[in-house]
Amino acid sequence: MLETPHVALGIAIAVKSGNPWVAIPLSLASHFLLDKVPHWNPHFYSETQKFGQPKKISTYIAIADEVIAIALTLFLAYKFMPDVNKSFLILVCSTLSVLPDQIKIPYFFYNIRFGLIKKWVDFERKIQIEIKPFWGIVTQICVVVASLFWIFN
Ligand SMILES: [Zn+2]
């Protein structure tokens, strides 16, 4: 799944639980739950197998997605100020919600393709449920909208 829906749900967990002991493990666990929601992703893995690195278009999509995810995180963390505890929890949960994907960056972009990181990439690939782009984007928009609705209601 893209990073924006992951952080949207991670932040919703932070806002709604407000309790770090609950929110921190739950936001990390939510990553694996969302990877099980049928979705579309750029094909980093198969492109890396074929061309030695991800395609330019896939990289651009990933960068745009990261920028939106970071902007959403900073915006919502700012919105809950001056509740510093909540804002900090938002930053932590947002980071944890995408950590399982972020640790794959050296594999795809810095050619580190062995050992634990390779095992992790293989594992993460196996748990994804991939569908065609159109519906695979629709499901992710639904996750973002539902999470934002949850945050503000
Ligand atoms: Zn993932």
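Lys132 counts as exposed, having 9 C-beta neighbours inside 10 Å; here a residue is exposed if 12 or fewer other C-beta atoms lie within 10 Å of its own, buried if 20 or more do, and partly exposed in between, with C-beta atoms placed from the backbone. The model is a predicted one, in which local features need pLDDT of at least 70 and side-chain atom pairs count only at pLDDT 80 or more, whereas totals for chains, interfaces and linings use all residues. Residues are numbered from 1 along each chain as its sequence is written.

Lys132 sits in the loop between α7 and α8 (133-152), where helices are DSSP runs of H or I with at least four residues, numbered from the N terminus. In sequence Lys132 is 92 residues from Trp40, yet their C-alpha atoms are 6.3 Å apart in space. Val138, which belongs to helix α8, is partly exposed, with 13 C-beta neighbours inside 10 Å. Val138 and Ile68 are separated by 70 residues in sequence and by 17 Å in space, C-alpha to C-alpha.

The loop between α6 (105-109) and α7 holds Asn111, and Ile112 lies in the loop between α6 and α7 as well. Asn111 has a positive phi of about 60° although it is not a glycine. Ile112, leaving aside neighbours within four places in sequence, is in contact with Pro106, Tyr107 and Ile117, two residues being in contact if their C-beta atoms, placed from the backbone, lie within 7 Å.

| Residue | Other C-beta atoms within 10 Å | Class |
|---|---|---|
| Asn111 | 11 | exposed |
| Ile112 | 13 | partly exposed |
| Lys132 | 9 | exposed |

Helix α7 (residues 115-127) has 13 residues and should span 18 Å at 1.5 Å a residue, which agrees with the 19 Å between its end C-alpha atoms; the expected span is 1.5 Å times one less than the number of residues. Of the 13 residues of α7, the number buried is zero, so this helix lies largely in the open.

In the loop between α4 and α5 lies Pro82, and the peptide bond from Met81 to Pro82 is cis, with omega near 5°.

How do helices α1 and α5 pack, and at what angle do their axes cross? The axes of α1 (residues 3-17) and α5 (residues 84-102) come within 8 Å and cross at roughly 140°, where axes are lines fitted to C-alpha atoms over the stretch in contact and angles run from 0 to 180 degrees between N-to-C directions. Among the α1 residues that meet α5 are His6, Gly10, Ile13 and Ala14, and the α5 side includes Lys86, Ile90, Cys93 and Ser97.

The largest nonpolar core has 22 residues, and those with the most contacts inside it are Ile11, Ile13, Ala14, Ile90 and Cys93; such a core is a set of buried Ala, Val, Leu, Ile, Met, Phe, Trp, Tyr and Cys residues joined through C-beta atoms within 7 Å. Two or more residues of this core come from each of α1, α2 (20-35), α4 (56-79) and α5, and α1 gives the largest share, eight residues. Ile13, not counting residues up to four places away in sequence, touches Ala23, Leu26, Ser27, Ser30 and Cys93.
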